[in-house]
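Trainee: Please take me through one part of this model in close detail. I would like the metal site and the charged contacts around the chain.

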Amino acid sequence: MFDKVLVANRGEIAVRVMAACEELGCETVAVYSDADRNGGHVDYADEAYNVGPPPASESYLDQEELIDVAERTGADAIHPGYGFLAENADFARRVEETPDVTWIGPPSDAMETLGEKTKARTVMQDAGVPVVPGTTEPVDDADEVRALGEEFGYPIAIKAEGGGGGRGMKIVRSEAEVDDALESARREGEAYFGNDSVYVEKYLEAPKHIEVQVLADRHGSVRHLGERDCSLQRRHQKVIEEAPSPALDADLRDEIGEAARQGVREAGYTNAGTVEFLVENGEFYFMEVNTRIQVEHTVSEEVTGIDIVRWQLRVAAGEALSFAQDDVEIDGHAIEYRINAENPAADFAPTPGQLTTYRPPTSIGIRLDHAVAQGDEIGGDYDSMIGKLIVRGDDREHCLERSKRALEHFAVDGVHTTIPFHRLMLDDETFVSGDHTTKYLDRELEADA
Ligand SMILES: Nc1ncc2cc(-c3cccc4ccccc34)c(N3CC[C@@H](N)C3)nc2n1
Ligand SMILES: [Ca+2]
């Protein structure tokens, strides 16, 4: 096991990773920008180093600086968290090539392959995993896209190759829209990912967004830890995630889990990852792979009892997974509510400010992953996350009931938060029934558009 781990991140995920490190006896090194000098993750670490001014590009994304801090402190591993450099194959490769510093994540070439959406689709198709009908090569021109529109029938989605999270995705409902949509998908792909290649898929109107957590070691063992339902999204921002999904029965759960395992095995993947699917009319289709630990990994931990971040560290240190697939059991229900400094009444616009009151709920069934305290500033330099409220119960109904109590007793003043929105959802019959799809929160948006 590593002696000292550098966590190249901030906020709640930095604390989460350091917690796992401590339990394994590793020392922890935090990095922080000028804006995070008093950040909770700085306090939490055994040692902390300033890596630059507030802009992420000059601090949390400064690869040179991060590797230099690792070498100076004698850290023998780097954990990237999520966001920032977590899915940057170049950084992973640089760490792999740095002597005596281990990358805690998938091999850089597996990240590269699965990060290219069309390559990921090819790998999954070859592994026998159903993929959303579409191309496994980038498309060249509008004529080709129109031919695909005829083949699949409209609507179709034009997606940026390097994309994800809905960025660089254009929905095309008729032949007349193809030219403009192709142009803007290319432009967004270039702007956000420096890659203007795009591909085409049949657009599923109102699917569930189901993702499967996988863990793979370096000795050939691949396990899935069940699924998460991430269908409640607002403009591609996840708001509430839960495990297990109310939309899957036991058979579909096993099928989708085995498909995820098979696809990840074929890709030569190791460490933690998530395989995203779209589910509609009892059919599931591969969409993309996330080669990192995710914000919502918590709900999988709560229903399986498996500490995913701890296994990330142990797998990176060469250990073998100590459990078989049959040992993975889904017990109870867990729901994660993202507590962000945003105003739901202003379309979740970020509202930085000071937490003049911060009194989270407590007691049975409540987990709070955060790095803030009363009086802290929530700045505007990074994401607007205050923390994550994770509630677990014996079943979904119990979980919703307990969530009511938890959210009622979550007092925050000084910034707008998503708490009032979460309270509303607990009285929303579509959400309470579990019938909500990815369209649910955007429906009026489409109507306005
Ligand atoms: N072929 C096809 N059909 C339906 C889709 C539906 C989604 C989707 C998934 C989850 C929430 C959404 C909200 C608005 C619009 C789309 C979604 C989707 N994406 C892509 C990025 C991911 N975060 C969401 N891709 C789709 N692709
Ligand atoms: Ca190395």
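Mentor: V101 is buried, because its relative accessible area is 9%. The model is predicted. V101 gives its O atom to the calcium ion (ligand 2). Along the chain they follow the spacing V-E-x1-T-x2-V. V95 is buried too, at 0% relative accessibility.

Now the charged contacts. D90 and R93 form a salt bridge, 3.8 Å from N to O. They sit three residues apart in helix α4 (residues 89–96), so about one helical turn separates them. Both ends are partly exposed: D90 has a relative accessible area of 47%, and R93 has 23%.

The whole structure holds 38 salt bridges. One of them pairs E12 with K388, with the closest N and O atoms 2.8 Å apart. That pair links distant parts of the chain: E12 is in helix α1 and K388 in strand β21 (residues 385–393), 376 residues apart. E12 is buried at 4%. K388 is buried at 0%.

R146 and D179 form another salt bridge, at 3.4 Å. R146 belongs to helix α7 (residues 142–152) and D179 to helix α8 (residues 178–193), 33 residues apart. R146 counts as buried at 18%, whereas D179 is partly exposed at 42%. Shared partners also join R16, E301, E302, D307, R367 and D369 into one salt-bridge network.

Last, the surface. D3, E22, E23, E27 and D46 form a negative patch. E22 lies in helix α1 (residues 11–23) and is partly exposed at 39%.

Key: Residues numbered from 1 in each chain as written. Chains lettered and ligands numbered in written order. Predicted model: local features only at pLDDT ≥ 70, side-chain atom pairs only at ≥ 80, totals over all residues. Heavy atoms only, no water. Patch = residues over 30% accessible without salt bridge, like charges linked within 9 Å, V, L, I, M, F, W, Y side chains within 5 Å. Areas by Shrake-Rupley, 256 points an atom, 1.4 Å probe, with all protein chains shown as cover. Salt bridge = Lys/Arg side-chain N within 4 Å of Asp/Glu carboxyl O. Lys, Arg positive; Asp, Glu negative; His and termini not counted. Charge placed at Lys NZ, Arg CZ, Asp CG, Glu CD. Helix = DSSP H or I, 4+ residues; strand = E, 2+ residues; numbered from the N terminus. Buried < 20%, exposed > 50% of the residue type's maximum accessible area, 1.4 Å probe, protein only. Donors = N, O, S within 2.8 Å, 3.2 Å for Na, K, Ca; no water.
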